[in-house]
Amino acid sequence: MTQEGKPKTPKHSQGGTGRSCGLCLFIFLLLAGASAVAVCLIYRPRKPRFAVVGAAIYQLNATSQPIISTSMQFTIVTRNPNRRVSIFYDKLQASVSYRNQQITPAMDLPPLYQEAKSTVALTPLLGSGTVPASAEVVNGLMMDEAYGVVALRVVLLGKLRWKAGAIKTVKYGVYVKCDVWVDLKKGAVGPVPLLGASPCKVDI
């Protein structure tokens with residue numbers, strides 16, 4: 001009781017506020033999960049498809065061990081096979097590897113929105129002068145260039161969301177691996193023929 005004989009007004013405890021925030025977060029996650037399940041059950045979204053259809057090598061010099069000089073460009077076509085579901089790509093990065101070792105820094109690509117049943121072409125320019133390389137990479141590249149065929153892997157890594165009407169799913173990780181064989185002889189600069197390019201493997 002106060003000096004005037006009136007009871008004190010109870011203060012809200014911090015524990016109550018924390019419980020309220022936790023409840024709101026739980027409800028948000030529950031709704032997001034329900035939206036993702038609804039899209040999957042109703043529309044059954046399929047994975048996007050990727051393929052490498054063109055390549056240009058501007059620099060791939062492996063004569064200065066333990067570094068190599070890289071600058072290359074690939075034309076990557078992605079297809080959304082869904083009839084009623086569009087795709088948002090977030091934080092997409094591209095890089096190139098050789099013998100399972102990355103030979104270009106990961107390059108950030110701009111966010112991409114792909115409508116249903118649409119095809120989009122990406123042409124990232126990859127490489128940044130010199131990069132460290134192991135003896136296996138340097139020796140392998142020198143041998144492959146002498147032979148005239150170089151096997152490379154183009155990698156895309158990021159996040160995607162499916163959208164159907166007003167419903168968007170949560171973000172899913174996407175990992176794309178594209179194995180290509182290019183006709184590359186030492187000293188060649190510019191567009192190079194693709195000797196083989198199997199469909200890219202897409203993991204979500």
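The model is predicted, so local features need pLDDT of at least 70 and side-chain atom pairs count only at pLDDT 80 or more, while totals for chains, interfaces and linings use all residues. Residues are numbered from 1 along each chain as its sequence is written, and side-chain values use heavy atoms, with hydrogens and water left out.

**Overall fold**

The chain has two helices and 14 strands; helices (H or I, at least four residues) and strands (E, at least two) are DSSP runs numbered from the N terminus. Of its 204 residues, 38% are buried, where buried means under 20% relative accessible area, exposed over 50%, and partly exposed in between (1.4 Å probe, protein chains only). A contact is a pair with heavy atoms within 4.5 Å. Among contacts with a separation of 6 or more, 71% join residues 24 or more positions apart.

**Core**

In soluble globular proteins, nonpolar side chains tend to be buried together. A nonpolar core is here a set of buried Ala, Val, Leu, Ile, Met, Phe, Trp, Tyr and Cys residues joined through side-chain atoms within 4.5 Å. The largest such core holds 43 residues, and Ile68, Phe74, Ile103 and Leu152 have the most contacts inside it. At least two core residues each come from strands E1 (49-61), E2 (67-79), E3 (86-98), E8 (125-132), E9 (149-164) and E11, and from helix H2 (135-147). Strand E9 gives the largest share, seven residues. Leaving aside residues up to four places away in sequence, Ile103 touches Leu60, Ile68, Thr70, Met72, Val96, Ser97, Tyr98, Val131, Val137 and Leu152.

Helix H2 also contains Asn139, which is partly exposed because its relative accessible area is 38%. The C-alpha atoms of Asn139 and Thr63 are 8.7 Å apart, although 76 residues separate the two along the chain.

**Disulfide and salt bridges**

There is one disulfide, a disulfide being a pair of cysteine sulfur atoms within 2.5 Å. Its partners are Cys178 and Cys200, with sulfur atoms 2.1 Å apart. The torsion about their S-S bond is about 110 degrees, so the disulfide is right-handed. Cys178 lies in strand E11 and Cys200 in the loop between strand E13 (194-197) and strand E14 (201-203), 22 residues apart. Both cysteines are buried.

Three salt bridges are counted, each a side-chain nitrogen of Lys or Arg within 4 Å of a carboxyl oxygen of Asp or Glu.

| Salt bridge | N to O distance |
|---|---|
| Arg161 and Asp90 | 3.2 Å |
| Arg153 and Asp179 | 2.7 Å |
| Lys185 and Asp183 | 3.2 Å |

Arg161 in strand E9 and Asp90 in strand E3 are 71 residues apart, and both are buried. Asp179 is in strand E11 and Arg153 in strand E9, so this pair ties together parts 26 residues apart in sequence. Asp179 counts as partly exposed at 26% relative accessibility, as does Arg153 at 22%. Asp183 is partly exposed at 25%.

**Surface**

Accessible areas come from the Shrake-Rupley method with a 1.4 Å probe; for residues, only the protein chains shown count as cover. The accessible surface is about 12000 Å², and carbon and sulfur atoms account for 59% of it. Tyr58, Leu125 and Val189 make a nonpolar patch of about 300 Å². Patches consist of residues with over 30% relative accessible area and no salt bridge, with like charges joined within 9 Å and nonpolar side chains (Val, Leu, Ile, Met, Phe, Trp, Tyr) within 5 Å. Val189 sits in the loop between strand E11 (172-183) and strand E12 (190-192) and counts as exposed at 61% relative accessibility.
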